[in-house]
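The structure is shown first.

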Amino acid sequence: MQLDERKQKILYAIIKTYLETGEPVGSRTISKDADLGLSSATIRNEMSDLEDMGYILQPHTSAGRIPSDKGYRFYVDQLMQEKDRQVTEIKEMMIDRQDKMESVLKQMAQVLASNTNYATMITSPQFHQTKLKFIQLSMISPEQLLAVVVTEGNVVKNKMLHMKHGLDNETILKLNILLNTSLNGLTMEQINLGTIAKLKEQAGIHSAVINSVLDAVAEAIQMDDDLEVYTSGATNIFRYPELSDSTRASALLGAFEDKQQLADLVENLSGSENTGIQVYIGNETPAPTMKDCSVVTATYELGDGMRGTIGIIGPKRMDYEKVVDALQTMTSQLDQIFKKETNDKNENKEEGR
């Protein structure tokens, strides 16, 4: 007998409830699940079939049911298939989005420089306070364990973990369930010592694996070190006599060619507390090469904790009103482009169903 959709939903409900409570699950508990919309009697009949098929078992008379190894196996196989599909879709979507975003940001930097006659920079979007979506562990070889970590914003990170001894499928299954039920939806700050200690205790002899996976999670959740900075209009500084002498101009042009300097500048100017439009005049700017300039930055938000920085660099006598208006317009346009792209993708998904 094959598991029809209703039996699958009831099996999933039993497993998820059991994972949360650790107690045998009765039909009355499952009947409260609004997504099922089934009576207790119907659920009891289906649970009886599931027990006959070996997917659940009754630990003792008059108790509820708990998942069997066969039930766990079905659940995890289906879960992993779904996660594999999601990971593939996410990778394709992010590659497409990254290519499009790079083109858009370069174009916007050019437009901004042309409209203001100042030097401009725009950073690629980065993720802040990112939450973990799910983890998938898979043995690649007896000595290699692949951890696929997906974070909020659908960022996929793969980390190869080296093992002294391989893990069997049953252990991988239990670790996947343990990690996902314990960590999904948490930020790195929320994965505290208590959470880690409990995970290690539950993992038993495999606590070292938990350590390695948590390192991979931390690496995935932290901000990407490869911050891209797109610039335009650096030669506009020659328009302003106070910046165009050979020493100042050379230093400013050098700063614009050194993307690491710009990345450091953005990191200093765009802390989590500095959102919206910020104005830095002369010595307020942390970059030594820009002490004779003003720097105006704006934070653009693309949802899911993803945001970047737009900056305009010019003389201290810059037209601040014009610059602020230009930045407000640019952040609004980026928001509209992102929303349109997201809506188009959602519509295409609906049409494909």
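## Basis and count

A salt bridge is counted where a side-chain nitrogen of Lys or Arg lies within 4 Å of a carboxyl oxygen of Asp or Glu. By that criterion, 10 salt bridges turn up in a search of the whole structure.

The model is predicted, so local features need pLDDT of at least 70 and side-chain atom pairs count only at pLDDT 80 or more, while totals for chains, interfaces and linings use all residues. Residues are numbered from 1 along each chain as its sequence is written, and side-chain values use heavy atoms, with hydrogens and water left out.

## Arg248 and its two partners

Arg248 forms a salt bridge with Asp292, at 2.8 Å from N to O. This pair links distant parts of the chain, 44 residues apart: Arg248 belongs to helix H9 (residues 246-257), and Asp292 to the loop between strand S9 (277-281) and strand S10 (293-301). Helices (H or I, at least four residues) and strands (E, at least two) are DSSP runs numbered from the N terminus. Arg248 also meets the side chain of Asp245 in a salt bridge, with an N to O distance of 2.5 Å.

Accessibility is classed as buried under 20% relative accessible area, exposed over 50% and partly exposed in between, using a 1.4 Å probe and protein chains only. Arg248 is partly exposed at 36%. Asp292, at 33%, is partly exposed, and Asp245 is partly exposed at 29%.

## A pair within helix H4

Asp77 and Arg73 form a salt bridge at 2.9 Å, N to O. Both residues lie in helix H4 (residues 69-116); they are 4 residues apart, so about one helical turn separates them. The relative accessibility of Asp77 is 33%, so Asp77 counts as partly exposed. Arg73 has a value of 28% and therefore counts as partly exposed.

Where does Glu46 lie? Glu46 is part of helix H3, which spans residues 40-52. Its relative accessibility is 5%, and Glu46 therefore counts as buried. Leaving aside residues up to four places away in sequence, Glu46 touches Arg6, Lys7 and Ile10, where contact means heavy atoms within 4.5 Å.

## Summary of the Arg248 bridges

The side chain of Arg248 is bridged to Asp292 and to Asp245.
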